[in-house]
Amino acid sequence: MYQTYLIDIDNTILDFDAAEERSFQNVIESYCLPFERSMLDEYKKINMNLWNLLEQEKISREEVFHTRFSLYFQTLKKEVDGIEAESRYRSFLGNSPELIPHAKETLTQLKSMGKKLYTASNGVYTTQVTRLNQAGIFDLFDGMFISEKVGSEKPSIHFFKHCFDHIPDFNQEETIMVGDSLSSDIKGAVNAGIDSCLFTRADSPARSVATYTIHDLSQLISL
């Protein structure tokens with residue numbers, strides 16, 4: 001049925017949770033501080049709030065990346081250069097290519113079936129490309145739609161319109177968005193008028209308007 005797949009990267013095909021924890025710990029320790037799990041939890045709250053504001057188009061992506069670490073370290077009563085901390089984090093994150101189970105096998109099979117595969121990510125272009133290359137799956141994609149290059153973030157209709165305009169012989173009815181985020185992937189697909197597939201590792205996902213919900217990426221093969 002579907003011929004074109006727009007696929008989110010973080011926590012859909014690459015395990016961002018694992019990468020984020022290790023990279024954040026490396027940043028903390030690079031400032032000669034002992035790492036505790038509670039520190040990551042606090043950082044995630046700050047980071048999520050900033051990303052929510054970005055998705056609502058209330059702040060810019062530069063504000064997210066330039067302030068999230070300075071805001072976090074303020075909770076430790078420690079002043080750091082937020083841009084420098086972000087640079088350290090980005091370096092560590094770029095070396096975190098862990099795949100979600102069955103991601104490579106599923107992408108390879110879809111490709112062998114003649115499907116067109118495109119990334120659709122709100123991440124940083126160079127970081128995402130580096131991770132996909134290290135994971136050995138970069139060449140499985142027909143193109144990269146990453147917000148830094150697109151110029152807008154999911155769920156903005158502008159992001160999806162850019163994708164549609166740059167996919168050869170685009171057919172809206174044969175296109176599906178696959179991702180783990182209700183607020184960016186699924187909402188964006190609904191706004192753009194295409195089908196969507198929510199990928200979740202939770203046993204009981206939140207109610208969603210996604211066309212499909214799957215718990216294993218291999219289930220994409222039978223959609």
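Strand E1 (residues 4–7) is joined to strand E4 (residues 175–179) by four bridges, and the two run parallel. Two strands count as paired if DSSP finds at least two bridges between them. Across this pairing, Tyr-5 faces Ile-176 of E4. The model is predicted, so local features need pLDDT of at least 70 and side-chain atom pairs pLDDT 80 or more, while totals for chains, interfaces and linings use all residues. Residues are numbered from 1 along each chain as its sequence is written, and side-chain values use heavy atoms, without hydrogens and water.

E1 also pairs with strand E2 (residues 116–121). Four bridges join them, again in parallel. Here the bridge partner of Tyr-5 is Leu-117. Thr-4 and Leu-6 point one way from E1, and Tyr-5 and Ile-7 point the other way. All four are buried, that is, under 20% relative accessible area with a 1.4 Å probe, counting protein chains only.

The chain holds nine helices and six strands. These are DSSP runs: helices are H or I of at least four residues, strands are E of at least two, and both are numbered from the N terminus. The radius of gyration is 18 Å, close to the 17 Å of the globule rule for 223 residues, so the chain is as compact as a globular protein of that length. The radius is taken over C-alpha atoms, and the rule is 2.2 Å times the number of residues to the power 0.38.

Of the 223 residues, 49% are buried. Among contacts (heavy atoms within 4.5 Å) with a separation of 6 or more, 66% link residues 24 or more positions apart.

Key:
Buried < 20%, exposed > 50% of the residue type's maximum accessible area, 1.4 Å probe, protein only.
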